Amino acid sequence: RIGRGGTNLGRAVHSVLQIVNLEDTSGLEKISQAQANAECIPYRWQEVAKLARTALESPIIKEAIASHGYYREVYVGAPVGSMVVEGFVDLLFETEDGLVIVDYKTDPVTSSEEVAHLMDRYRIQGGSYALCLSEATGKPVAKVVFLFLHSANEVVMGDLAGAMETVRG
């Protein structure tokens, strides 16, 4: 587990969403069982499947599918000042307005207040991803969406330009 972030549950859900067919989810349960086993939580496979299904049924995933060109677990990295900022984007697709970044969150939060509190913490992550992608591709980032799976809450990050400037600073 050295060098791997997140919880066992979070890693299992992310792994499922990385490999499941977004348009035909008939294999979701089998994949969820395998990933729960891989993360040593076989007794939680149904929870893994439920959280993954929440993502698959979300409007932002449907928008990604409709874009006819999405990418999962995309490495991003770009020089920012004297550093290199890098990470992995859970889901990336392009619209007429620009790139759309989606980040899955498995934090066990259900209230709007809890989600709002977490958004303060995730602001730099979203700004980092947006800055890296815009620097690396030369394309604008239209939005960053955090998809909280326990509450089925899609949160479009506010003040994206400000978050990118904070990262740049």
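Visitor: Where is Ala38 found?
Guide: Ala38 is in helix α2, residues 28–38; helices (H or I, at least four residues) and strands (E, at least two) are DSSP runs, numbered from the N terminus. This is a predicted model in which local features need pLDDT of at least 70, side-chain atom pairs count only at pLDDT 80 or more, and totals for chains, interfaces and linings use all residues. Residues are numbered from 1 along each chain as its sequence is written, and side-chain values use heavy atoms, with hydrogens and water left out.

Visitor: Is Ala38 buried or exposed?
Guide: Ala38 counts as exposed because its relative accessibility is 54%; buried means under 20% relative accessible area, exposed over 50%, and partly exposed in between (1.4 Å probe, protein chains only).

Visitor: Turning to the sheet, what is the strand order?
Guide: The sheet is open, with five strands in the order β1-β2-β3-β4-β5 and mixed pairing; two strands pair if DSSP finds at least two bridges between them.

Visitor: Which strands stand at the edges?
Guide: β1 (70–80) and β5 (153–156) do, each with a single partner strand, so one side of each has no neighbour in the sheet.

Visitor: How many bridges join β4 to β5?
Guide: Four bridges join β4 (residues 141–148) to β5, and the two run antiparallel. Phe148 stands opposite Asn153 in β5.

Visitor: Where is the kink in helix α5 centred?
Guide: The kink in α5 (residues 112–137) is centred on Arg121 and is about 50°; the bend at a residue is the angle between axes fitted to the seven residues ending there and the seven starting there. Gly138 follows α5 and has a positive phi, near 75°.
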